[in-house]
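Visitor: Could you walk me through this one, please? I'd like to ask as we go.

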Amino acid sequence: MKGQQLFHSFLPSVTVAVLTTQSAWANTSQVEKVKRIYVPDFASTTNTYPPVVNDKQQNNHLVSNSSALLTGVGSHNLKPQSTNDDVTKFTLLNNAKVKAESNTKTVLPMALTNSKVVKATELHKCLQLDKKQQGTPAANSKSCAKTTTLTQKLVQIDEPLESENNNPPATNLHPNPNPLLFPSQADEVKLRENQPLTLEQVLDLAKKNNNDLQVSILELERSRSVLKEAQAALLPTLDVNGRISNSRSSANTLTAKQAQQIDPTADDAESNTAFDTQAQLRYDLYTSGLRTATITEAEERVRLQELEVERQFEEIRLSIATDYYNLQQADENVRISRSAVENSEASLRDAVALERAGVGTRFDVLRSQVNLANAQQDLTNALSQQVISRRRLAVSLNLPHSINISAADPVQLAGLWERNLEDSIILAYQNRPELQQQLAQRNISEQQRRQALASLGPQISLVASYDLLDVFNDQINASDGYSVGVQASINLFDGGAARARAAQAKKNMAIAETQFTEQRNQIRFQVEQAYSTQLSNLENVQTANVALEQAKESLRLARLRFQAGVGTQTDVINAENELTRSEGNRVRAILDYNRALIELQRFVTLRAFEN
């Protein structure tokens, strides 16, 4: 009787020993059937649970098929053999304490160190303070004294991966030069190569390959050709035309036939072969401003199209960078889902081992199995979204059909915004191509108004011509002539058409001015929104770091409590879910910050940082 009481008093600790010494009782289904795709990480995984052991060699006498154990674990009534040897019980107890402390690590990677994010947040706040006195940020704060040197480059918050991809860019990332070529065989569209690319490489490829940007560049070249056409009016025009003809008039033919009626031996009518050429030189001396307005309009259209190319590039840069960050998030979702699967496997092993030790329930096992199945479904969905994100980015980059890409950059803060809100708004006003486009459109309408009114004014031109005539069969040398003069014309009445065109152009000017005001207000809102978003997300990164560390510790304690028999499986499952959610929140906060930062850069434009 005393032996039984002693046994029950040490039962929780013995249970822990059972979990650590007989891990084969808790084998789970093989998740490794899902192909593991390399995903760039932003933190290294140092510890995993459970420890890596060769379960097949250690426990072949217990379990031969782990998947069968998951589906029918209730039918196995395996329990550890009890013993009355107190020495053996104390040995098991001591071993359990040591192993339980070393084997209850979670599998999710380590988070950002909070100190680094705190420093980054403080640095970011220092950069936003007013620079009224000495032009240096936060002169009264010791932590802000070093920001001048720190802001010379983008601050990288996360530690890079040890296995970070350093693959050189592939040489076949450019599309076929024939734009009308399309694959006709299934083998031609089969993905054969996976090329990891950094964000910098992706943006460079987008600048070279993107179809929309190429169309804008072609339209710019077309506008430049229109400008050359308008500038041709500054030079005189020279026209030369010539004619060689053989002719016989009907009057000569009639005269010859009348003569032949009288004298049948009379000759036929003669034909004349002649060469006639004329050259004319014309130069517009005065056009009432029509020529100048036409050239100025063409110049403004070139400027408008140059701004459109810049705007298009900024949009493409924002879109491509957003797609790249979406791909990084898809990669991280796969990593987090895999970690959740591994955590669920560990919980299921615990539940199965406790049931076989006689201190667990079938209910806990079933809940663990359901939790594992849900985690596996999340992993499957995450893998699908990863493939979709990769293909979406490949289409935007116009890559060859056989190339697949992946994100090579680790997930980390892309940098810090070094200007306060007011300076950012002013920079956007000064550099946004949309505002300059509205001004260019207004100037175009102004030149069109001048052209319409110029058509009512006098047009004066210098005209010089020279002509040469030679009849080959008249025995006379060629004859020539010339003329030089000034030609003037004026449109006295056109029914009011010219003034109507001028009125239309004036209304277009008013429309451009109104659109300028609307665009200016929209730019301010865009900058304010992106600025506020990147500030809040920077704070969220710090909060998410703290929450992640707490969730990891919570899961570790929940497992220890459950293994010791003082906690429930519900606590473990809830802790696992909270850990997965915390890791996802952290990744989301970092990538949301990067998205807001790239939006802020787009709304201010890169031109502001090149000057």
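What follows is a short chat about helices, salt bridges and one glycine.

Guide: Before you ask, this is a predicted model, in which local features need pLDDT of at least 70 and side-chain atom pairs count only at pLDDT 80 or more, while totals for chains, interfaces and linings use all residues. Residues are numbered from 1 along each chain as its sequence is written, and side-chain values use heavy atoms, with hydrogens and water left out.

Visitor: How far does helix 15 reach from its first C-alpha to its last?
Guide: Helices (H or I, at least four residues) and strands (E, at least two) are DSSP runs, numbered from the N terminus. Helix 15 covers residues 497-564, which is 68 residues. The expected span is 1.5 Å times one less than the number of residues.

Visitor: Which residue just after helix 15 takes a positive phi?
Guide: Look just past the end of helix 15 for a phi of about 85°. The residue there is Gly565.

Visitor: Are helix 11 and helix 12 roughly parallel or antiparallel to each other?
Guide: Helix 11 (residues 290-357) and helix 12 (residues 362-396) pack with their axes 8 Å apart, at an angle of about 165°. Axes are lines fitted to C-alpha atoms, for helices over the stretch in contact, and angles run from 0 to 180 degrees between N-to-C directions. Angles under 35 degrees count as roughly parallel, over 145 as roughly antiparallel, 65 to 115 as roughly perpendicular and the rest as oblique. The two helices are therefore roughly antiparallel.

Visitor: How many residues of the contact of helix 11 with helix 12 are charged?
Guide: For this count, Ala, Val, Leu, Ile, Met, Phe, Trp, Tyr, Cys and Pro are nonpolar, Asp, Glu, Lys and Arg are charged, and the others, Gly among them, are polar. The contact has 17 nonpolar and 13 polar residues. The charged ones number 10.

Visitor: How many salt bridges does the structure hold?
Guide: A salt bridge here is a side-chain nitrogen of Lys or Arg within 4 Å of a carboxyl oxygen of Asp or Glu. One of them joins Arg303 and Glu300, at 3.7 Å from N to O. Those two sit 3 residues apart in helix 11, about one turn. Overall, the structure holds 20.

Visitor: Which residue forms a salt bridge with Glu315?
Guide: In this pair the closest N and O atoms are 2.8 Å apart. Glu315 lies in helix 11 and its partner in helix 16 (residues 569-604), so the bridge ties together parts 287 residues apart in sequence. That partner is Arg602.

Visitor: Is Glu583 buried or exposed?
Guide: Glu583 meets Arg335 in a salt bridge, 2.6 Å from N to O. Glu583 is in helix 16 and Arg335 in helix 11, so this pair ties together parts 248 residues apart in sequence. Buried means under 20% relative accessible area, exposed over 50% and partly exposed in between (1.4 Å probe, protein chains only). At 1%, Glu583 counts as buried.

Visitor: How many Å apart in space are Gly457 and Ser288, C-alpha to C-alpha?
Guide: Gly457 is in the loop between helix 14 (433-454) and strand 5 (459-471), and is buried at 13% relative accessible area. In sequence, Gly457 and Ser288 are 169 residues apart. In space, their C-alpha atoms are separated by 5.5 Å.
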